[in-house]
Amino acid sequence: MINLEKIFKNLVLLDFFVFVIMLVSIFFEPDDIAAISDQLSFGFFEAEGREALAIIATLTLFISYFISLLFLYLFINVGKYLYSFYFVFNLLFILISGPVILTSYDSALDSLNLATEGAILILLYCSPIKDKFIRQLKW
């Protein structure tokens, strides 16, 4: 018998580790890619005075991502909605952030990350795992 709870928790861990590897890979970006990236627009955030908005949006994404993964791993109900918020907000952020150049390694990691996030969302809303999220966050 398939243990969906174990599969779900492993997907959450995989999502976290792939994200960490993606963050670390930023520091190993080839010089030619960095030079081209420096010439690209920041999209919506290019305009004067929007740097603070970009920083706030990025911090909001990071915080909501890490907290939601923790809550998903512990099957706390609010994690389900926080992760969905993160996913939608991240897509919107990507759409307005301008062009991006990726190495093949970064592109593979990004694809793995998106596949993992998609699998998590499917399990969250379309599998018996959704019934595990009955624990409420207690303040």
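1. In what follows, buried means under 20% relative accessible area, exposed over 50%, and partly exposed in between, with a 1.4 Å probe and protein chains only. The model is predicted, with local features needing pLDDT of at least 70 and side-chain atom pairs counting only at pLDDT 80 or more, while totals for chains, interfaces and linings use all residues. Residues are numbered from 1 along each chain as its sequence is written, and side-chain values use heavy atoms, without hydrogens and water.

2. The whole structure holds 13 aromatic pairs, where rings of Phe, Tyr and Trp (its six-membered ring) pair if their centres lie within 6.5 Å, and planes under 30 degrees apart count as stacked, over 60 as edge-to-face and the rest as tilted. The rings of Tyr65 and Tyr86 are a tilted pair, because their centres are 4.8 Å apart and their planes stand at 50°. This pair links distant parts of the chain, with Tyr65 in helix α3 (residues 51–73) and Tyr86 in helix α4 (residues 77–96); helices here are DSSP runs (H or I, at least four residues), numbered from the N terminus. Both Tyr65 and Tyr86 are buried.

3. Phe85 and Phe89 count as stacked, because their ring centres are 5.4 Å apart and their planes are at 10°. Both lie in helix α4, 4 residues apart, or about one turn of the helix. Phe85 is partly exposed at 38% relative accessibility, and Phe89 is partly exposed at 26%.

4. Ring pairs also join residues into a cluster, among them Phe16, Phe62, Tyr65 and Tyr86.

Definitions and conventions. Helix = DSSP H or I, 4+ residues; strand = E, 2+ residues; numbered from the N terminus.
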